[in-house]
Each structure stands twice: as structure tokens, then as C-alpha cells.
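Please consult the sequence and the structure shown here alongside the text.

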Amino acid sequence: MSKTILVLGDIHFPFANTSSLRRAVEVAKEKKPSFIIQIGDLRDFLQFGRWPHSRNGLTPKKELDLGSKMAYQMWENLRKASPKAKCFQLMGNHDERPIKKILDQAPELESLINLKDLYSF
């Protein structure tokens, strides 16, 4: 029996291409993959980056909240489209930006950092 894998990468919520995400859900519904794997950079965390950027329109909290809402919705849609698929969420370099920012500012807080909840769907 063959297995089908749907792989999604570099979504960068909340800056995602929503038409591409809708297409991915359509593919999941049509192909019923055995596995769905998001291979990292689910969130962008632009506001947590090292380089200067404007916070006029999007605060770190707003980016986190909006990105989280969109990520949970994506996984809900994919699971509904292909309920038997085993789903995996990997972390990419953008997903680690908050950890790097905190460690740059306060390395003694490393033991308090846990992003697991942000990547459990």
C-alpha cells in the first residue's frame, strides 16, 4: 500500500499566502495523504528579529496572537480535510526567533523558555 505525504514549508504566519493555504487544504481533501508535515517556519516572528523594523502596525503580541490563530485554523482545516493523516509540526529558524531574542537579552532565562505549546496542534 502506497503512502502519500503532503509537505508544507515556510508559511510565515501571519504573512502567509492564504490562496496557497486554501489550495493545500484542497489537495489534502482530494489526495487524503497518509502524512501531513509542516517543515518549519510556520510563524515568521518578524517583530522578534534582530534587525531594526517598524512596530507602527504590528506589535510582537499582535503578531504572535494573529499568527497563532492562523496556525491553529490551518491545522484544523487540514485535519478536517484528511482526518486519518498523521500530522507533524517541525520548527524552523524563524520559529526560534523568540528564543534567540530572549537569550540575547537575558541568557539566564533559558530554563524558563518553552515554545512547545505554540507548536502543539
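Strands β1 and β2 (residues 35–38) are paired in the parallel sense over four bridges; pairing requires that DSSP finds at least two bridges between two strands. Helices (H or I, at least four residues) and strands (E, at least two) are DSSP runs, numbered from the N terminus. The model is predicted, so that local features need pLDDT of at least 70 and side-chain atom pairs count only at pLDDT 80 or more, whereas totals for chains, interfaces and linings use all residues. Residues are numbered from 1 along each chain as its sequence is written, and side-chain values use heavy atoms, with hydrogens and water left out.

**Sheet**

V7 has I37 of β2 as its bridge partner. The open sheet consists of three strands in the order β1-β2-β3, with parallel pairing. Its edge strands, β1 and β3 (86–89), each pair on one side only.

The side chains alternate along β2, as the table shows. Buried means under 20% relative accessible area, exposed over 50%, and partly exposed in between (1.4 Å probe, protein chains only).

**Nonpolar core**

A nonpolar core is a set of buried Ala, Val, Leu, Ile, Met, Phe, Trp, Tyr and Cys residues joined through side-chain atoms within 4.5 Å. The largest such core has 22 residues, of which L8, I11, F13, I36, L42, M74 and L78 touch the most other members. At least two residues of this core come from each of β1 (5–8), α1 (18–31) and α2 (60–81). The most are given by α2, with five residues. Leaving aside residues up to four places away in sequence, I36 is in contact (heavy atoms within 4.5 Å) with partners including L6, L8, W75, L78 and F88.

**Aromatic contacts**

Rings of Phe, Tyr and Trp (its six-membered ring) pair if their centres lie within 6.5 Å; planes under 30 degrees apart count as stacked, over 60 as edge-to-face and the rest as tilted. Two aromatic pairs are counted by this rule. The ring centres of F45 and F48 are 5.3 Å apart and the planes stand at 90°, so this pair is edge-to-face. F45 is buried, with a relative accessible area of 2%.
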